[in-house]
Amino acid sequence: MSTVAVILAAGLGTRMKSRLPKVLHPILGDPTLLWALRALPPGLGGAVVVVHHGKEQVLAALEAWQKAGLLPCPVSTVDQGEPLGTGHALQVCIPELDRLGASQVAILCGDVPLTSPATVFRLCSAEALLLAMDLPTPGSYGRVIQHADGRLANLVEAKDATPDQLAVQRVNGGAYALPWPALRKALQGLKNDNAQKEYYLTDAVAAVAKDLPVAVEVCDPEELAGMNSRHDQAALQAAAQRRIQRHWMAEGVTFLHPDSTLVGPRVVLHRDVLLEPGVRMEGSVLVGEGCRIGQGTVITNSVLGDGVDIRPYCVIEQVLVGAGAKVGPFARLREGTDLAEGVHIGNFVETKKAKLHRGAKANHLAYLGDTEIGEGTNIGAGVITCNYDGVNKHKTTIGRRVFVGSDTQLVAPLTIGDGALIGAGSTITKDVPADALALSRTPQTSREGGASKLRDRQKKPSGLS
């Protein structure tokens with residue numbers, strides 16, 4: 001049996017009031033559509049994403065996720081065109097599902113991010129199943145009508161329901177698994193004689209249930225909650241964060257202030273990691289054992305080795321940080337930075353495409369871009385690697401055990417040999433040999449009594465000689 005997933009992602013999301021397609025709005029840094037796709041089990045015959053509104057943006061996102069290896073199976077797309085209802089969204093998938101040789105179809109919504117992989121696995125393994133939830137105030141959800149033995153009898157949209165049907169608290173979660181031949185036949189017979197004048201997928205599901213037994217599984221409402229407004233987005237993010245924090249706390253991670261700490265779904269934390277208040281980690285982040293992440297720090301798509309100490313209010317993106325390194329406070333590590341074991345990066349230091357070898361230090365007020373810095377080298381306060389000439393970027397290579405004095409400009413392309421000493425206040429434009437002393441200063445002049453004479457002149461009234 002070949003199971004193919006269909007993800008409904010064509011909606012506009014009017015209540016989001018956004019130019020961004022609804023399924024690309026993030027929960028803890030990852031779009032809801034990525035959450036839905038990531039929950040699919042491996043081994044499926046493929047996934048078909050139904051697109052329309054914001055199609056170009058969705059297609060670009062899917063391509064990027066595929067290249068990054070974030071998708072569990074091959075994904076194709078079908079443009080719904082003019083949206084005529086959820087049933088119509090499946091109708092336009094018929095040729096693609098036939099092409100993929102589907103025998104079973106699992107249907108999920110791209111704006112429902114928190115359906116667990118375990119639940120999706122059960123759905124994709126079932127012969128005929130509907131996921132439902134029990135709500136004390138069902139509101140506008142479609143109602144699930146069941147036979148006495150629990151099998152699905154009918155699905156009724158709230159706008160078409162009778163008063164007795166509206167009293168039912170079991171509602172449709174919008175996730176189904178059905179045999180493709182039966183669903184295909186039902187889709188071809190759909191009509192739009194309803195209040196919305198749309199082709200309802202629920203009518204097709206109910207039609208299948210007349211011929212085949214369709215089971216109903218009741219899930220935690222959190223797993224089937226959709227994102228239709230900014231309020232929903234905030235509620236889903238809070239729920240996702242609680243779930244993630246419970247997991248990592250059980251694995252030995254300390255959250256000093258969980259309510260202010262945001263940890264994304266692709267973050268991996270090892271034991272004895274401590275997260276101070278206001279930390280945010282998004283994308284693919286790996287944090288080694290015993291790290292401490294300071295208050296207000298933001299980390300994206302980075303790897304931290306064991307025992308790293310990130311002081312408060314650092315921004316770290318696309319970076320490798322070696323074991324025992326110390327960073328911050330108020331440091332910015334940009335893409336391509338690679339810090340080896342025991343490196344120190346201090347306050348108000350910015351790095352980009354900078355490789356610092358074991359034990360190198362830049363503790364104060366520096367910019368290090370397009371540079372490689374050798375083992376044990378010390379970079380003084382106010383040092384700048386001048387890497388950009390207005391057209392091209394150039395590299396600065398600094399050897400081992402070099403001392404670069406404060407307020408020095410290193411004008412690339414430039415190589416400084418091992419053991420060299422660069423005097424403070426220098427502008428270095430030529431390569432420096434190993435163990436050389438390099439200075440670039442204008443001579444200092446001192447005029448005795450000059451300060452007193454200057455003050456006396458400044459005190460004289462204007463216009464007097």
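**Core, pocket and a buried serine**

Modeller: Of the 60 residues in the largest nonpolar core, V263, L269, M281, I293, I345 and I416 touch the most other members. The model is predicted, with pLDDT of at least 70 needed for local features and 80 or more for side-chain atom pairs, while totals for chains, interfaces and linings use all residues. Residues count from 1 along each chain, and side-chain values use heavy atoms, without hydrogens and water.

Biologist: What makes a set of residues a nonpolar core?

Modeller: Its members are buried Ala, Val, Leu, Ile, Met, Phe, Trp, Tyr and Cys residues joined through side-chain atoms within 4.5 Å.

Biologist: Why is S302 called buried?

Modeller: Buried means under 20% relative accessible area, exposed over 50%, partly exposed in between (1.4 Å probe, protein chains only). S302 has 1%, so S302 is buried.

Biologist: What does the side chain of S302 reach?

Modeller: The backbone nitrogen of V319, at 3.0 Å. V319 is also among the residues in contact with S302 (heavy atoms within 4.5 Å), leaving aside neighbours within four places in sequence.

Biologist: Which classes line the second largest pocket?

Modeller: Its lining has 10 nonpolar, four polar and two charged residues. Nonpolar covers Ala, Val, Leu, Ile, Met, Phe, Trp, Tyr, Cys and Pro; charged covers Asp, Glu, Lys and Arg; the others, Gly among them, are polar.

Biologist: Which element gives the most to that lining?

Modeller: α10, with five residues.

Methods:
Helices (H or I, at least four residues) and strands (E, at least two) are DSSP runs, numbered from the N terminus. A polar contact is a pair of N or O atoms within 3.5 Å; within protein, one must be able to donate a hydrogen and the other to accept it, and residues adjacent in sequence count only if both atoms are side-chain atoms.
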